[in-house]
Amino acid sequence: MSSNIRGLFLHGGPGLSAIAERLAYGRDVPISWWDQPRSITAAHRPFHALVEAAREQALAVAAGGQVHLVAHSFGAVLAYRLSLCMPERIASLTLLAPAPDLADVFIRLAGLVTRFVEDPAPLTLASARLKADRRDFGAARDMLDIIFSTPAFLDAYWSPWAKVKQASYAGLMQTQPVFDPGAFFAIAEDAWNELGPPAPSPFEGPVDVVYGDADGLVDAAATLPMWQGAFKHVSSRTVRSGHMIQLECDPEDWWPATRRG
């Protein structure tokens with residue numbers, strides 16, 4: 001692989017942005033910090049429109065060659081979809097706290113946020129509904145409406161030792177369009193019944209799966225076998241972090257130079 005190959009960051013959410021990462025790293029890391037277009041919410045199939053937008057952006061970054069895909073959380077779903085349609089244009093995949101199943105992440109998030117709400121009964125009930133039928137997006141929507149109205153829900157995304165970075169991120173959310181709830185729900189609902197264990201991908205390059213040791217949203221033991229079933233050459237490791245690996249840890253911890261060139 002050429003050291004001139006650039007990386008493309010596929011942020012999570014859905015409906016998040018790469019604003020925080022762009023401010024943290026800028027051009028110090030050879031990654032394109034792409035904000036996924038929120039205009040796709042007007043599309044007939046927002047999730048499919050997002051995959052196509054990601055494909056176009058990846059090809060633009062590759063500039064006729066290859067691209068390293070660095071994906072966080074739900075961004076791993078996009079990276080996987082690109083591995084199906086353009087495997088020869090991808091040099092490597094780096095999956096940070098990858099979440100192949102939104103229902104599982106949301107149920108785990110609800111369990112963590114329950115301790116912050118005054119009356120946990122509605123959240124517990126919605127979570128129970130989703131556990132009983134993971135196709136029930138209405139239950140997920142009810143659950144997430146409660147979660148997003150609970151200011152302390154961000155605690156679930158960070159490790160206990162990242163309070164300063166968490167506070168900085170929370171402040172950024174108050175002043176910048178870091179998160180778009182409309183895009184979140186439109187993309188999630190469209191993708192809902194398509195997500196789950198990924199089928200084998202034709203991509204044969206290296207795949208690095210990175211988990212945070214304090215991440216309560218993604219179960220490494222449950223999800224790593226899914227990625228190992230999807231890709232032929234998977235390595236995995238754990239770093240000292242919560243769910244926001246790319247912001248809690250230095251780039252060398254989650255995208256070492258050996259993966260770039």
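**View 1. Strands β3 and β4 of the predicted model run parallel**. Six bridges, written 6 in the count, join β3 to β4 (residues 90-96). L69 stands opposite L93 in β4. Strands are DSSP runs of E of at least two residues and helices are runs of H or I of at least four, numbered from the N terminus. Residues are numbered from 1 along each chain as its sequence is written. In this predicted model, local features need pLDDT of at least 70 and side-chain atom pairs pLDDT 80 or more, while totals for chains, interfaces and linings use all residues; side-chain values use heavy atoms, without hydrogens and water.

**View 2. An open sheet holds 6 parallel strands**. The order is β2-β1-β3-β4-β5-β6. β2 and β6 (234-239) are the edge strands, each pairing on one side only. Pairing takes at least two DSSP bridges between two strands.

**View 3. Helix α2 (residues 46-62) packs against strands and helices**. Its buried residues (under 20% relative accessible area, 1.4 Å probe, protein chains only) include F47, L50 and V51. They pack against β1 (7-10), β2 (31-33), β3 (67-72), α3 (75-85) and α8 (181-191). Contact here means heavy atoms within 4.5 Å. Just after α2, A63 takes a positive phi of about 50 degrees.

Notes: The expected span of a helix is 1.5 Å times one less than its number of residues. Buried means under 20% relative accessible area, exposed over 50%, partly exposed in between (1.4 Å probe, protein chains only).
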